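This report describes selected local features of one protein model. The sequence and the structure are shown first.

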Amino acid sequence: MNPQTILLYDGSFDGFLCCVFIVYDQKTPDPIIRKEYQNDHQLFAVTEQVISEKDKAYRVWKGFRDKTTAVEQNNFFRAFLSEIKGVENTLLRYMQKIFTNAEKKGIDYSDKDILKISQVAKMVGREKHRMEAFVRFQRTKDNIYTAVVNPDFNVLPLIIHHFRDRYADQKWLIYDTIRNYGIYYDLSTVELITFEDNRKPDLKTIKNSHNDQEIDFQKLWNTYYKNVNIKSRKNNKLHLQHIPKRYWKYLTEKNML
C-alpha cells in the first residue's frame with residue numbers, strides 16, 4: 001500500500017498553486033493539501049513541505065485562466081479566501097477537471113465541487129459587502145484613518161479596490177485582528193502589513209490614540225444618527241437583519257449611544 005502524500009503550504013494563494021504544480025509535476029496520486037498549522041501528523045502518510053515560488057504559481061494560474069471564465073476565476077479565489085478546512089482539496093479536484101477537459105464548457109452546477117465552490121464564494125461575497133458597509137475609520141494622532149475588523153473570512157484582499165477608490169485622498173489602515181495582518185494605503189499604493197505583538201492595533205489602542213478632532217467628529221455623527229431616526233418607525237427585527245449584532249462593535253453610532 002502506497003502512503004498518502006500530504007502537501008503543506010504557507011497559507012498563501014501562491015503557495016496553494018505551487019501545491020497544484022507539485023501534484024502534476026510529481027504525478028502525485030490522491031494528495032491532500034493543508035496549511036502548515038493544520039498538519040495533524042496523520043499515520044501512514046508522507047508529508048512534504050511546499051515552498052511558494054511565484055513562477056510556478058503563475059504557470060498554474062495562467063493554465064487555469066486560459067480554460068475558465070472571469071466568473072469561475074473569481075469564485076475560485078473567493079472560495080480559497082474562505083479558509084474553510086479542506087477547501088483546498090475541493091479546489092484541486094475542480095482544477096483537475098478543468099485541465100482534463102479538452103473542451104471549454106459552461107459552468108456545470110450539477111458537479112458537487114463546482115456547486116460547493118459557488119456556494120462558498122457567495123458566502124465570502126456577502127462578508128466582503130458587509131465589511132465595505134460597516135467598516136468605520138477613526139483618525140489617530142499620526143493622521144492615519146484606522147479600522148480593525150475580524151471578518152468570518154479572509155476578505156481584506158477583496159475590499160482593497162473599494163476603499164482605495166473611495167478614500168483616495170487620505171492615509172488609511174484596515175487591520176484584521178484574527179489573521180494578524182492589514183492593508184495600508186499611503187496615498188499612492190496599498191500594501192499588506194503586519195505588526196509585532198505589542199504594536200497590533202485594536203479598538204482600545206485606537207481609542208487611546210485619537211486625533212484631537214476625532215471625538216468631536218464622533219459626537220457630531222452620533223447626534224446626526226439620533227436625529228434622523230424616527231422612534232415610532234423603529235423596527236428592531238429588520239434592523240438586525242440588515243446590521244447583524246456582531247458588526248456593531250465597528251460602528252461609531254452604536255458605541256457612543
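A polar contact is a pair of N or O atoms within 3.5 Å; within protein, one atom must be able to donate a hydrogen and the other to accept it. The model discussed here is predicted.

E72 belongs to helix α3, which spans residues 70–81. With a relative accessible area of 7%, E72 is buried, because that class comprises values under 20%. A polar atom of the E72 side chain lies 2.7 Å from the backbone nitrogen of T69. The side chain of E72 also makes a polar contact with the side chain of Y94, at 3.1 Å.

| Partner of the E72 side chain | Part of the partner | Distance |
|---|---|---|
| Y94 | side chain | 3.1 Å |

Strand β7 comprises residues 181–185 and is mostly covered, five of its five residues being buried. Y181, I183 and Y185 point one way from the strand, whereas G182 and Y184 point the other way.

Strand β6 (residues 172–176) runs antiparallel to β7 and is joined to β7 by five bridges. In this pairing, I174 stands opposite I183. Four residues separate β6 and β7 in their hairpin, where N180 adopts a positive phi near 60°.

Strand β8 (residues 190–193) is likewise antiparallel to β7, with four bridges between them. Here the bridge partner of I183 is L192. The hairpin of β7 and β8 has four residues between the strands, and L187 in the turn shows a positive phi of about 85°.

Conventions. Residues numbered from 1 in each chain as written. Predicted model: local features only at pLDDT ≥ 70, side-chain atom pairs only at ≥ 80, totals over all residues. Heavy atoms only, no water. Buried < 20%, exposed > 50% of the residue type's maximum accessible area, 1.4 Å probe, protein only. Helix = DSSP H or I, 4+ residues; strand = E, 2+ residues; numbered from the N terminus. Pairing = 2+ DSSP bridges.
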